[in-house]
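Here is a report on one protein model.

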Amino acid sequence: MKIIAIGRNYIAHAKELNNPVPGSPVIFMKPDTALLKHNQPFYHPDFSTDIHHEIEIVLKIAKEGKHIDQKFAGNYFEEIGLGVDFTARDIQQNLKEKGLPWELAKGFDNSAPVSEFIAKTEFSDLKNINFNLQINNREVQRGNTKDMIFPFESLISYISKFITLKKGDLIFTGTPEGVGKVNLGDRLIGYIEGKKLLDFEIK
Ligand code: ZN
């Protein structure tokens, strides 16, 4: 499986990092070794002193497809979950300044904690899903899928022009504003529509 992630999909987040609002989705990938499941703790690596949390809605691809038309893109995922796109912001900033790829800042081991997945049919409106992240019982990020610049269908269609999507692939759909540093001992709890899906510690 592969993990495809979207950068700058919420205007307020693009602005907080002084990035322009993109005209087409910003795409990057994480290797399968980035996956962290079952609310296992995240062990803070020593190569960064500025690991940021980015809470994101994650789509699980249900069947193989390429050149998927937006009209049919909704048929390619059945479940959604919650993930954290951990980002070594210090390394990313350095790479961005040099115009270099982001992989080391985004794709390191365990940089993609994901929750269990929920059938999309449990949501009355996929374009109006609230999600949020608390650290040590304080809310740090809150988003709603209605604020996505590129909605789920348009992401699936766009990605599949370039990269064949396969069953089990995950798409991290971008983070709302409020990203920030995590610290040893932090407890991260993530919710979709009030349902607790993520609950893990930084060690
Ligand atoms: Zn992200």
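How many of the 5 residues of strand S1 (residues 3-7) are buried? The count is 5 of the 5, so S1 is largely enclosed by the rest of the structure. Buried means under 20% relative accessible area, exposed means over 50%, and partly exposed lies in between (1.4 Å probe, protein chains only). Helices (H or I, at least four residues) and strands (E, at least two) are DSSP runs, numbered from the N terminus.

This is a predicted model, in which local features need pLDDT of at least 70 and side-chain atom pairs count only at pLDDT 80 or more, while totals for chains, interfaces and linings use all residues. Residues are numbered from 1 along each chain as its sequence is written, and side-chain values use heavy atoms, with hydrogens and water left out.

**Strands**

S1 has two faces. Ile3, Ala5 and Gly7 point one way, Ile4 and Ile6 the other way, and all are buried. Two strands pair if DSSP finds at least two bridges between them. S1 runs parallel to strand S12 (residues 170-172), joined by 3 bridges. There, Ile3 stands opposite Leu170. S1 also pairs with S2, in the antiparallel sense, over 5 bridges. Ile4 stands opposite Met29 in S2.

Another antiparallel pair is strand S14 (residues 187-192) with strand S15 (residues 195-201), over 6 bridges. Leu188 has Phe200 in S15 as its bridge partner. The hairpin of S14 and S15 has 2 residues between the strands, and Glu193 takes a positive phi near 45 degrees in this hairpin.

For Glu54 the relative accessibility is 4%. Its loop runs between strand S4 (51-53) and strand S5 (55-61). The Glu54 side chain makes a polar contact with the side chain of Arg89 at 2.8 Å. A polar contact from the Glu54 side chain also reaches the side chain of Lys106, at 3.3 Å. A polar contact is a pair of N or O atoms within 3.5 Å; within protein, one must be able to donate a hydrogen and the other to accept it, and residues adjacent in sequence count only if both atoms are side-chain atoms. Leaving out residues up to four places away in sequence, Glu54 touches several residues, including His13, Gln141 and Thr175. Contact means heavy atoms within 4.5 Å.

**Helix H2**

Arg89 also belongs to helix H2 (residues 89-98), where Arg89, Gln92 and Leu95 are buried. They cover an arc of only 125 degrees around the axis, which puts them on the same side of H2. The arc is that of the directions from the helix axis to the C-beta atoms. An α-helix has 3.6 residues a turn, so residues three or four places apart point the same way. On the other side of H2, Glu97 and Lys98 are exposed. The buried residues of H2 pack against helix H1 (11-16), S4, strand S7 (87-88) and helix H3 (103-106). Gly99 follows H2, with a positive phi near 70 degrees.

**Aromatic pairs**

The structure holds 8 aromatic pairs. Rings of Phe, Tyr and Trp (its six-membered ring) pair if their centres lie within 6.5 Å; planes under 30 degrees apart count as stacked, over 60 as edge-to-face and the rest as tilted. Two of the pairs are tabulated.

| Pair | Centre to centre | Between planes | Type |
|---|---|---|---|
| Phe28 and Trp102 | 5.6 Å | 55 degrees | tilted |
| Phe47 and Phe108 | 5.5 Å | 75 degrees | edge-to-face |

Phe28 sits in strand S2 (residues 26-30) and Trp102 in the loop between H2 and H3, 74 residues apart. Phe28 is buried at 9% relative accessibility, and Trp102 is buried at 17%. Phe47 is partly exposed at 43%, whereas Phe108 is buried at 8%. Ring pairs link Phe42, Phe47, Phe86, Phe108 and Phe200 into a cluster.
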